[in-house]
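Biologist: Before we go through this chain, please show me the sequence and the structure. I will ask about particular places in turn.

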Amino acid sequence: MTAETESQRLPALTLAALGVVYGDIGTSPLYAINEVFGGAHHAVPITPDNVLGILSLLVWTLILVVTVKYAAFIMRANNHGEGGIMALIALVHRNAQSAQQTRVLVMLGLFGAALFYGDGIITPAISVLSAVEGLEVATPAFDPWIIPITLGILFGLFWVQRHGTGRVGGLFGPITTVWFIALALLGIVNIAHTPVVLSALSPHHALGFFVAQPTLAFFSMGAVFLAVTGAETLYADMGHFGAKPVRLAWLGLVLPALTLNYFGQGALLLSDPAAIAHPFYHMTPDWARYPMVILAGAATVIASQAVISGVYSITHQAIQLGYAPRMTVLHTSSSERGQIYLPGVNWGLFLAVVLLVLAFESSSRLAAAYGISVSGTMIITTVLVYVVARRVWGWSRLACRALFGAFLVVDLGFFAANLLKFADGGWFPLAFAAGVFLLMTTWKQGRALLKARRDRDSMPLDAFVQSMRGGSVPTVPGTAVFLTPNPEQVPHSLLHSLKHYKSLHERVVILCVRFTDEPYVPDAARVTVAHLGERYHRVDVRFGFMDRPDLTRALHNPHANPDMRYLTGLDPEVRQHVLETPGVERIVDINVDRIRA
């Protein structure tokens, strides 16, 4: 993509990024302040000093964790444009100094990925529930319908995923923009009545809160962390839109809107402490309450979209790295490689979210389970990016320790505070992550054992061809086509054929299909042929990630390459046998699980 084209598409990508990436962190105002001052455990008393201290802690957490850590540094650690914990695993795997170090860091990264799956389940449940519960503020008559309405909204969300994150983002982007503008306006109106809250922009209020009440301040960090639970999705979803649109949306709209809304809720609590029952909806005028519930419901659906897209990205990368079984991956954009849809993952995630909603039944109960998985993933991300900074970016040890050490102190503080929720539901994301981690490592180990078993019986193709020159193996008329994911080795089917039939065909074709990082491969460059001597020919067929793999058309299209270089010297009978060989069309499925890390 040229710089001019990228510049022209920047506004559209930024709008789409708003609709996909920032839904999670953008709906935190629905429950974060409420959990700090009205939570069931360690609620902070509503006093002027405490309110200013919490607001200062909130805004500086947003600045340090999201703006500085993720937007400025973490998002630089991309794997060919892809972000997320699995991209870090690939980078670390290629640049670790020893096999032992590689294994430890990869296992750490895998557990971080498993924790992100836990976040992918909790976020849709808590986001949609917290919005629908706003109906109770309007009228108690809706109380019996909270769970059914929530489940209906969630079904609609997961059903629409098949249209692709780009189209979903284009639909959700304008809604999210309206949501953030509404957050800002509500905040401004309430700040105007109590402007003293603006003094919380100074970090000395947060420091004073910790000095005056260190124990209470530490307990409050578990609830304050709810304001940044969507930060990891910025990195995980980076491949869907690119780093620049994600950063622009954050600095241009999301951060200012969130800051204004949190300060507006703080101003409301200073003037009316009873509003803690649901500060977000109480700061809304009566005439706007129902429209705001509808808008909040739409925003929470979008919040769920952020982590769903992140789960797609991480799963796709796990498949490429060999930590997950191959499954259907549908690319939904010809310009952005990261925009994908995985039907199996989508509906499996939906089922898990439904079970979670039915088990916890309210957003306040889910809040106890929220935070541990995200804070744990953040710690692991910090450690892995430290390695990338040292090995890939070439930073000095002192610079890395100073910067990422500071990030790690903050991450560990939030993780320790969230661990206090373990007995109240925090065990769930940890248990779920342990199960996912076990599945991924078992699959990887099983693949390694299978590959080792196969490699013991395989040999290089060139060596095989040389050894068969001038041999006395009987020749059978016709052409044999052998499919293989590795064109450098003798296909096992060829070895078994030779072993059992004690003969070879007049012509032997080794056929391999490859997938590239380009969206499309021109027809003229799609097929290449290498003649290995005597009867052996190697045919490579290349498809882009957006191409519809059509092997018959690729091999039977003489207009694609007029001089027929890719078939020079290849008997027409060979081509016809390739086209007619049973199972050739299934070569696409066979090659999908090739590791391309």
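Modeller: This is a predicted model. A place to begin is the salt bridge in which the side chains of D411 and K69 meet, with N to O at 2.6 Å.

Biologist: How far apart are the end C-alpha atoms of helix α20, and what span should its 23 residues have?

Modeller: Helix α20 covers residues 397-419.

Biologist: How many salt bridges does the count come to?

Modeller: The rule asks for a side-chain nitrogen of Lys or Arg within 4 Å of a carboxyl oxygen of Asp or Glu. E506 and R507 meet it at 3.8 Å, N to O. By this rule the count is four.

Biologist: In the salt bridge between D286 and R289, how far apart are the closest N and O atoms, and is R289 buried or exposed?

Modeller: The closest N and O atoms of this pair are 3.3 Å apart. D286 has 62% relative accessibility, so D286 counts as exposed. The cut-off for buried is under 20%. With a relative accessible area of 13%, R289 is buried.

Biologist: Which residues have the most contacts inside the largest nonpolar core?

Modeller: That core has 149 residues. Its largest share, 16 residues, comes from helix α6 (residues 99-132). A second, separate core of 14 residues includes L461, A480, L494 and V508. In the largest core, the residues with the most contacts are Y22 and W179.

Biologist: What does Y22 touch, not counting residues up to four places away in sequence?

Modeller: Y22 is one of the residues with the most contacts inside the largest core. With residues up to four places away in sequence left out, Y22 touches A17, F180, L234, V246, R247, A249, W250 and V254.

Biologist: Which residues form the nonpolar patch on the surface with about 310 Å² of accessible area together?

Modeller: One member, W159, is found in helix α8 (residues 146-160). At 39% relative accessibility, W159 counts as partly exposed. The patch is formed by F155, W159 and W347.

Biologist: Which residue has a positive phi although it is not a glycine, and what is the angle?

Modeller: The residue is K502, in the loop between α23 (492-501) and β4 (504-515). Its relative accessibility is 55%, so K502 counts as exposed. The phi of K502 is about 55°.

Biologist: What share of the residues in the chain is buried?

Modeller: The chain has 26 helices and six strands. Its accessible surface comes to about 24,500 Å², of which 64% belongs to carbon and sulfur atoms. Of the 597 residues in the chain, the buried share is 54%.

Definitions and conventions. Residues numbered from 1 in each chain as written. Predicted model: local features only at pLDDT ≥ 70, side-chain atom pairs only at ≥ 80, totals over all residues. Heavy atoms only, no water. Core = buried A, V, L, I, M, F, W, Y, C linked by side-chain atoms within 4.5 Å. Buried < 20%, exposed > 50% of the residue type's maximum accessible area, 1.4 Å probe, protein only. Helix = DSSP H or I, 4+ residues; strand = E, 2+ residues; numbered from the N terminus. Contact = heavy atoms within 4.5 Å. Patch = residues over 30% accessible without salt bridge, like charges linked within 9 Å, V, L, I, M, F, W, Y side chains within 5 Å. Areas by Shrake-Rupley, 256 points an atom, 1.4 Å probe, with all protein chains shown as cover. Expected span 1.5 Å × (residues − 1).
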